[in-house]
Amino acid sequence: AESFTASGAPFDPASSATFWVDLAAPTPDEMRLLSDLFHFHPLAIEDAQSALQYPKLETYQGYLYLVLHGIHTQPDHGGFATHDVDFFVGRNFLVTIHDGTSRSIAKMRTVCDRNARVLAEGPVGVVHRIVDSMVDNYRPAAQEIVEQIERLEGQAFAGHERIVRQGLRRK
């Protein structure tokens with residue numbers, strides 16, 4: 001079966017060109033690219049379509065499938081939420097799938113638009129940059145948790161009662 005890109009040219013995994021396909025909140029038709037164009041394994045496609053996957057790395061012939069969780073702080077709720085970002089990483093391609101709210105993906109798209117050299121680093125280089133940004137986004141939430149723990153410790157050593165109830169209410 002011959003596969004075609006949107007432009008009508010066949011996808012050639014042996015090509016020297018490097019490209020990145022980003023599927024932000026993809027429709028069912030867009031998700032069919034995973035099977036019809038890339039011929040990814042059905043189990044990996046099923047995982048990419050599910051709303052929640054645990055972080056993982058799986059090796060398939062010709063590509064890696066990686067699931068990581070990005071983070072969104074929710075200041076009005078006093079917490080944070082995570083969201084899946086799926087990566088299919090091949091020798092000359094990267095396919096990312098997410099719900100459309102990934103700040104790290106948006107940042108990298110802007111970087112790639114401004115500097116074509118970034119894609120020349122290859123798919124692994126782009127993944128590294130995205131993951132680095134995702135990790136940076138965890139820092140404010142982690143810092144807030146540390147500050148909450150320090151406040152509770154201070155109250156515990158000051159002899160305040162009802163600390164457990166206060167700590168549980170913050171969730």
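User: Which strand gives the largest share of the lining of the largest cavity?
Analyst: Strand 3 does, with three residues. Keep in mind that this is a predicted model.

User: What other elements supply at least two residues there?
Analyst: Besides strand 3 (63-74), helix 4 and helix 6 (123-157) each supply at least two residues of that lining. The residues around the largest cavity are Gly70, Ile71, His72, His83, Thr101, Ser102, Arg103, Ser104, Met134 and Asn137.

User: How much space lies in the largest cavity?
Analyst: About 50 Å³. The count of cavities of 30 Å³ or more comes to one.

User: How does the lining of the largest cavity split by class?
Analyst: Seven of its residues are polar, two are nonpolar and one is charged.

User: Ser102 is in that list. Where is Ser102 found?
Analyst: Ser102 sits in the loop between strand 5 and helix 4 (103-114).

User: Is Ser102 buried or exposed?
Analyst: Ser102 has a relative accessible area of 5%. The cut-off for buried is under 20%, so Ser102 counts as buried.

User: What does Ser102 touch?
Analyst: Not counting residues up to four places away in sequence, Ser102 touches His83 and Val85. The side chain of Ser102 also reaches the backbone nitrogen of Ile105, at 3.1 Å.

User: Now strand 5. Why is strand 5 described as largely enclosed by the rest of the structure?
Analyst: Strand 5 covers residues 93-98, and six of its six residues are buried, so the rest of the structure largely encloses it.

User: Which residues of strand 5 point which way?
Analyst: Phe93, Val95 and Ile97 point one way, while Leu94, Thr96 and His98 point the other way. All of these are buried.

User: How many bridges join strand 1 to strand 5?
Analyst: Six, and the two strands run parallel. Strand 1 covers residues 19-24. Within this pairing, Phe19 stands opposite Phe93 of strand 5.

User: What about Ala24, is it buried or partly exposed?
Analyst: Ala24, which is found in strand 1, is partly exposed at 38% relative accessibility. Leaving aside neighbours within four places in sequence, Ala24 is in contact with His98 and Gly100.

User: And how far apart are Ala24 and Thr101?
Analyst: They are 77 residues apart in sequence and 8.0 Å apart in space, C-alpha to C-alpha.

User: Let's move to pockets. What lines the second largest pocket?
Analyst: Its lining is made of Pro26, Met31, Ala48, Gln49, Ser50, Ala51, His83, Asp84, Asp86, Ile97, His98 and Asp99. Helix 3 (42-49), strand 4 (79-90) and strand 5 are the elements that give two or more residues to that lining.

User: Which of those gives the largest share?
Analyst: Strand 4, with three residues.

User: How much space lies in the second largest pocket, and what classes line it?
Analyst: About 190 Å³ of space lies in it. The lining has five nonpolar, four polar and three charged residues.

User: Last topic, the whole chain. How many helices and strands are there?
Analyst: The protein chain has seven helices and five strands. Along the sequence they follow the pattern β-α-α-α-β-β-β-β-α-α-α-α.

User: And what share of the residues counts as buried?
Analyst: Of the 171 residues, 33% count as buried. As for contacts between residues at least 6 apart in sequence, 51% join residues at least 24 apart.

Key: Residues numbered from 1 in each chain as written. Predicted model: local features only at pLDDT ≥ 70, side-chain atom pairs only at ≥ 80, totals over all residues. Heavy atoms only, no water. Buried < 20%, exposed > 50% of the residue type's maximum accessible area, 1.4 Å probe, protein only. Helix = DSSP H or I, 4+ residues; strand = E, 2+ residues; numbered from the N terminus. Pairing = 2+ DSSP bridges. 1 Å grid on protein atoms, 1.4 Å probe; cavity = no way out; pocket = protein on both sides within 12 Å on 5 of 7 lines; lining within 4 Å. Points joined across faces, edges and corners; volume = space filled by probe spheres on them. Nonpolar A, V, L, I, M, F, W, Y, C, P; charged D, E, K, R; others polar. Polar contact = N/O pair within 3.5 Å; in protein donor to acceptor, adjacent residues only side chain to side chain. Contact = heavy atoms within 4.5 Å.
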